[in-house]
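Biologist: Could we go through this model together, feature by feature, with the criterion stated each time before the case is discussed?

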Amino acid sequence: MATGARSKGKTARPARDWRGAAARVLRRIGGALVLLFLFAGIALWWASRWTPSRELFPTQGVTIDASNGEVRWGSIKAAGADFAYVVATAGDKDVDPMFQRNLAGARAAGIPVGVIHRYSLCGLATDQAANFIRHVPRRADMMPSIVWLDFDDRCPDRPTRALLRSELATFLAQIEAHMGQESLIAPSAGFEADYGVTGAIFRTAAMRSDFFEPDYGAHPWTMWQANHYLRVPGADGTVRWNVLRPKGEMR
């Protein structure tokens, strides 16, 4: 009887050990997940507040679009924006619904302002230029316009390098005749890798790279979008924060 009891106890112990091991593993996984979420939260908090050093880049500004809601431009200026870019048009027919209000608000706050056109691979250059000219007023005090170049999942077209460069040159010529000054081109790293626009079209460039200076393009950037996770008083959601290269510096 005693032997049988001991045997029964021995067969039960492995089951208890298995459950205990599983519980320890789950506790470790839970602890790791807590740490992961903690680190992610700290990273997001840091990213929402980080801007480049003012000692290195004294002139800094913001990009605003409709996703930022009713912008309080006085608060934007107080947050340190020395200039602003507002999204104006996209493709051959779209216009940012807050464009005119943002343009007027920035001017009223005394912030130098320029506009952005999101270039579409699915629209003809002349049609996109007509859309831009129809909505963007010509003013002597405007900052140079920016032509945003990137891929869009809603547009499957991928023209050849030669065709894209030709169309982009046509678009630039038409909007620059309207504005009375040259524009900046702002390709993403992927767009630049495929189309090499900074080496083919002689324009100053606005590059994009969160937290680290851009290392792509055929020549040094003029404007750097340094953080698109930033949160500032006066705007809903996140904004894109930009810096200008100090004059004469070729970092």
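Biologist: Is cysteine 122 buried, exposed or partly exposed?

Modeller: Buried means under 20% relative accessible area, exposed over 50%, and partly exposed in between, with a 1.4 Å probe and protein chains only. Cysteine 122 has 38% relative accessibility, so cysteine 122 counts as partly exposed. This is a predicted model, in which local features need pLDDT of at least 70 and side-chain atom pairs count only at pLDDT 80 or more, while totals for chains, interfaces and linings use all residues. Residues are numbered from 1 along each chain as its sequence is written, and side-chain values use heavy atoms, with hydrogens and water left out.

Biologist: Which residue does a disulfide join to cysteine 122?

Modeller: A disulfide is a pair of cysteine sulfur atoms within 2.5 Å, and a search of the whole structure finds one. The partner of cysteine 122 is cysteine 155, with an S to S distance of 2.0 Å. The torsion about their S-S bond is about 100 degrees, so the disulfide is right-handed. The pair links distant parts of the chain, 33 residues apart, with cysteine 122 in the loop between S4 and H4, and cysteine 155 in the loop between strand S5 (146–149) and H5. Such helices (H or I, at least four residues) and strands (E, at least two) are DSSP runs, numbered from the N terminus. Cysteine 155 counts as buried because its relative accessibility is 7%.

Biologist: What does the side chain of serine 120 reach?

Modeller: A polar contact is a pair of N or O atoms within 3.5 Å; within protein, one must be able to donate a hydrogen and the other to accept it, and residues adjacent in sequence count only if both atoms are side-chain atoms. The side chain of serine 120 reaches the backbone nitrogen of cysteine 122 at 3.0 Å. Serine 120 lies in the loop between strand S4 (113–119) and helix H4 (125–135), and at 19% relative accessibility it counts as buried. Contact in general means heavy atoms within 4.5 Å, and, leaving aside residues up to four places away in sequence, serine 120 touches Gly91, Gln128 and Cys155.

Biologist: Where is aspartate 152 placed?

Modeller: Aspartate 152 sits in the loop between S5 and H5, and its 29% relative accessibility makes it partly exposed. Although aspartate 152 and cysteine 122 are 30 residues apart in sequence, they are 9.5 Å apart in space, C-alpha to C-alpha. The side chain of aspartate 152 makes a polar contact with the side chain of arginine 154 at 2.9 Å.

Biologist: With which strands does S2 pair, and in what sense?

Modeller: Two strands pair if DSSP finds at least two bridges between them. Strand S1 (residues 60–64) runs parallel to S2 and is joined to it by four bridges, with valine 62 opposite alanine 84. S2 and S4 are likewise parallel, over six bridges, and the partner of alanine 84 in S4 is valine 113. Strand S3 (residues 94–95) is antiparallel to S2, with two bridges; these two strands form a hairpin with three residues between them, and glycine 91 in the turn has a positive phi of about 60 degrees. Seven of the eight residues of S2 (residues 83–90) are buried, so this strand is largely enclosed by the rest of the structure.

Biologist: Which residues of H4 are buried?

Modeller: They are Ala125, Gln128, Ala129, Asn131 and Phe132. These residues pack against S2, S3, S4 and helix H5 (161–179).
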